[in-house]
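The briefing below goes with a predicted model. Please keep the sequence and the coordinates at hand while reading, since the points are grouped by topic.

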Amino acid sequence: MDMKAIILAAGKGTRLSPFTDNFPKGMIKLFDKSLIEMQIDNFQACGIADIIIVTGYKSEKITFPKIKMIKNEFYDSTNMNESLFCAESELDDSVIISYSDIVYEKSIIEQLIEFKGDIGVAIRARWKDDYVGRNLHPISEAENILYENEKIIKIQKNISEKTSEQEIGEFLGLIKLSKNGCRIFLDEYSKISKNNEKQFHSSKSLKEAYLTDMIQEVIESNNQVEIIHSKGKWFEIDTMEDIKNVREKLGKF
């Protein structure tokens, strides 16, 4: 299979202190495996062997055999989008991009593989129930997608207003790009990188941008970004409360 996976794992994860005082949050063990290891297992089970991890904070603690590592040397002053483009040399074929602090079933990866468009973002339409009792990561911090007739209007944190024709979903931190989709991302990034000190969508500048800011830029540049409605269990791990809740809800996959 000519497909890669890029796992973005450069951040600190300060809200998971003291566990992240000594290692990145992607290395936290949910059961007997770390979040990143669980993702690697999913990718490999789906036939994806070419896996790249973008590291940053405590990068020396992320070690896996036959996995390529690329370090974001400026992880402390940049955000998720810059971590992705630290791996721009790998954006030369079909790729699945994943946040490192999420855990999900293999079936979601299978859906992404089956997607035939150039740019697809995984979402779930029924998502609010998972924020009940999630006091340390309230619903206002969800990365949302506002869409109408399957067309994305906006992607950013905390979208709460919509018309009767519109829907609000949650972005799952998973993107599928075809080879041409990679080219679109690289071209758009090249255009905007000349003005990287200016406000960039919801972020102060391009270097501090979230991945959702980049997706919004791609959409506003009249590129087709499609919705992939996910089917399968998915959870974000951002706080100690999340670890407890997810262990209770999942048991084991």
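Thr 239 has a relative accessible area of 2%, and because buried means under 20% the residue counts as buried. Thr 239 sits in the loop that connects β11 (234–236) with α6 (240–250), and, once neighbours within four places in sequence are left aside, Thr 239 is in contact with Arg 15, Leu 16, Leu 136 and His 137. The points that follow take up the cavity, the pocket, the strands, the helices and one further single residue.

**The largest cavity**

- When the whole structure is searched, one cavity of 30 Å³ or more is found, and the space in the largest cavity comes to about 100 Å³.
- The lining of the largest cavity consists of Arg 124, Asp 130, Tyr 131, Arg 134, Glu 170, Trp 234, Phe 235, Glu 236, Asp 242, Asn 245, Val 246 and Lys 249, with β11 and α6 being the elements that give two or more residues to it.
- Of these elements, α6 gives the most to the lining of the largest cavity, with four residues.
- Sorted by class, the lining of the largest cavity holds seven charged, four nonpolar and one polar residues.

**The largest pocket**

- At least two residues of the lining of the largest pocket come from each of β1, α2, β9 and β11, and the largest share, four residues, is supplied by β9.
- The lining of the largest pocket is divided by class into 13 nonpolar, 11 charged and 10 polar residues.

- Strand β4 is mostly covered, as six of its six residues are buried.
- In a regular strand the side chains alternate between the two faces of the sheet.
- In β4, Ser 94, Ile 96 and Ser 98 point one way, whereas Val 95, Ile 97 and Tyr 99 point the other way, and all are buried.
- Strand β4 pairs with β1 in the parallel sense over six bridges, and in this pairing Lys 4 stands opposite Val 95 of β4.
- Strand β4 is also joined by four bridges to strand β9 (residues 167–177), the two running antiparallel, and in β9 the bridge partner of Val 95 is Leu 177.

- In helix α1 (residues 35–45), the buried residues are Leu 35, Ile 36, Met 38, Gln 39, Ile 40, Asn 42 and Phe 43.
- These buried residues of α1 pack against the strands β1 (3–9), β2 (50–55), β4 (94–99) and β5 (102–104), and against α3 (106–114).
- Just after α1, Gly 47 adopts a positive phi of about 90 degrees.
- Helix α5 (residues 211–220) is largely enclosed by the rest of the structure, because nine of its 10 residues are buried.
- The buried residues of α5 are Leu 211, Thr 212, Asp 213, Met 214, Ile 215, Gln 216, Glu 217, Val 218 and Ile 219, and α5 is followed by Asn 222, which has a positive phi near 65 degrees.

**Aromatic pairs**

- A pair of aromatic rings is described by the distance of the centres and the angle of the planes.
- Four aromatic pairs are found in a search of the whole structure, and one of them, formed by Phe 85 and Tyr 189, is stacked, with 3.9 Å centre to centre and 10 degrees between the planes.
- This pair links distant parts of the chain, as Phe 85 belongs to helix α2 (residues 80–86) and Tyr 189 to helix α4 (residues 179–192), 104 residues apart.
- Both Phe 85 and Tyr 189 are buried.

**His 229**

- His 229 lies in strand β10 (residues 226–229), and with a relative accessible area of 31% His 229 is partly exposed.
- Not counting residues up to four places away in sequence, His 229 touches Gln 111, Ile 123, Tyr 147 and Glu 150.
- A separation of 9.3 Å is found between the C-alpha atoms of His 229 and Gly 169, which are 60 residues apart along the chain.

Note on methods:
Residues numbered from 1 in each chain as written. Predicted model: local features only at pLDDT ≥ 70, side-chain atom pairs only at ≥ 80, totals over all residues. Heavy atoms only, no water. Buried < 20%, exposed > 50% of the residue type's maximum accessible area, 1.4 Å probe, protein only. Contact = heavy atoms within 4.5 Å. Phe/Tyr/Trp six-rings, centres within 6.5 Å; stacked < 30°, edge-to-face > 60°. Pairing = 2+ DSSP bridges. 1 Å grid on protein atoms, 1.4 Å probe; cavity = no way out; pocket = protein on both sides within 12 Å on 5 of 7 lines; lining within 4 Å. Points joined across faces, edges and corners; volume = space filled by probe spheres on them. Nonpolar A, V, L, I, M, F, W, Y, C, P; charged D, E, K, R; others polar.
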